[in-house]
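User: I have a model open and want to go through it piece by piece. Can you take my questions as they come?

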Amino acid sequence: MTDTAANWQPLFNSLWQQYLAVTPSALPIHELLRQQAANGQIVNDHIALRTFNLAPVNLAQLAAPFEALGYRAAGDYQFIAKKLQAKHFEHPDPLAPKVFISELLVDQFSPWLQQQVSHLIAQLPEDFTASPNWVSAGRPWSIDKETYQQLIAESEYAGWLAAWGYRANHFTVSINQLNNNPPLASINDQLLQVGYSLNTAGGLIKGSPAELLEQSSTLADRVACEFSDGKAEIASCFYEFAKRYPQSNGELYSGFVAASADKIFESTHQAK
Ligand code: OOG
Ligand code: NI
């Protein structure tokens, strides 16, 4: 993969621009860390996308445009309490971010939630998934504020997805690629010092060197979202920081840790 153009880059460029548009903290944080990056370049460890387990937008269908670019499934994760499942995907190009895709197990929720989600899916244009660009289409259905609030009350994930749709809900800076591979705690300290709020669910740092992965994240920004009955300020997207440790074969661990991911999901919860 050294002599061919990085075919995955255009899609990630559009996901990045789409993410920046609703995540005002992302660019300043990116710039702050870029000054500490080898070659002045941030490397993304992964991005994450969310969906419902319903055709034509379920996990397998959302993965297809990435698989067409050479991504392959590399890990399965279950989140029983949140009623979610996920897979992560890897690309042979080591510079390509991993992709973490989860889906809400809609059938495990109340009849009311199931009905609301079917209303959303019923609004999709017939050819919605025909172009691979649907993974960055944003919200392809309309929804009002009250329905959003009621979805949030039953599942924060369902509400977030209903409001924001198809986009990266976070990008993740690879801490290993910063100068001197700093401790994750020193990155957290810097961000706290400049005034960013970090996700404290499960502690500031999720995971451990023994689990071969440490992660932290900001709390999602709050920005105006356009609902069918007007704008409201709600939680949008967040930024994550990941530090990986070598396995016994010397290669960095490339998977995820379900117990940590469970807490990372909460980065988009509404401030209480
Ligand atoms: C994904 C949460 C999991 C990680 O790094 O463990 C995750 C999400 O919030 O959609 O990204
Ligand atoms: Ni993540």
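User: Which residue stands opposite Ala-86 in β4?
Analyst: Ser-102 stands opposite Ala-86 there. Strands, like helices, are DSSP runs numbered from the N terminus (helices are H or I with at least four residues, strands E with at least two).

User: Before we go on, what am I looking at, experiment or prediction?
Analyst: This is a predicted model, in which local features need pLDDT of at least 70, side-chain atom pairs count only at pLDDT 80 or more, and totals for chains, interfaces and linings use all residues. Residues are numbered from 1 along each chain as its sequence is written, while chains are lettered from A and ligands numbered from 1 in the order in which they are written.

User: What is the mean pLDDT?
Analyst: The mean for the protein is 97, and 98% of its residues reach 70 or more; pLDDT is the predictor's confidence in each residue, from 0 to 100. For the complex, the predictor gives an ipTM of 0.99 and a pTM of 0.97.

User: Back to the strands. How many bridges join β3 to β4?
Analyst: There are 6, and the two strands run antiparallel. Two strands count as paired if DSSP finds at least two bridges between them.

User: And how many join β2 to β3?
Analyst: 7 bridges join β2 to β3, which spans residues 84–90, and this pair runs antiparallel. Tyr-77 has Ala-86 as its bridge partner in β3, and Phe-79 has Leu-84.

User: What sits between those two strands?
Analyst: β2 and β3 form a hairpin with 4 residues between them, and Lys-83 in the turn has a positive phi of about 60°.

User: How many residues of β3 are buried?
Analyst: 5 of the 7 are buried, so β3 is largely enclosed by the rest of the structure. A residue is buried if 20 or more other C-beta atoms lie within 10 Å of its own, exposed if 12 or fewer, and partly exposed in between, with C-beta atoms placed from the backbone.

User: Switching to the ligand. Which residues are around ligand 1?
Analyst: Ala-48, Arg-50, Phe-100, Ser-102, Asn-169, Gln-215, Glu-240, Phe-256, Ser-260, Ala-261, Ile-264 and Phe-265. Each has its C-beta atom, placed from the backbone, within 6 Å of the ligand.

User: Which element gives the most to that shell?
Analyst: α8, with 3 residues. β1, β4 and α8 (258–264) each supply at least two.

User: How does the shell split by class?
Analyst: 6 nonpolar, 4 polar and 2 charged residues. Ala, Val, Leu, Ile, Met, Phe, Trp, Tyr, Cys and Pro count as nonpolar, Asp, Glu, Lys and Arg as charged, and the others, Gly among them, as polar.

User: What does Phe-128 touch?
Analyst: Pro-56, Trp-134 and Pro-140, not counting residues up to four places away in sequence. Phe-128 lies in the loop between α4 (111–122) and α5 (145–154) and is partly exposed, with 16 other C-beta atoms within 10 Å.

User: Is Asn-39 buried or exposed?
Analyst: Asn-39 counts as exposed because it has 9 C-beta neighbours inside 10 Å. The phi of Asn-39 is near 60°, positive in a residue other than glycine, and Asn-39 lies in the loop between α2 (26–34) and β1.

User: What is phi at Leu-212?
Analyst: Phi of Leu-212 is positive, about 70°, although Leu-212 is not a glycine. Leu-212 is in the loop between β6 and β7 (213–217).

Key: Contact = placed C-beta atoms within 7 Å.
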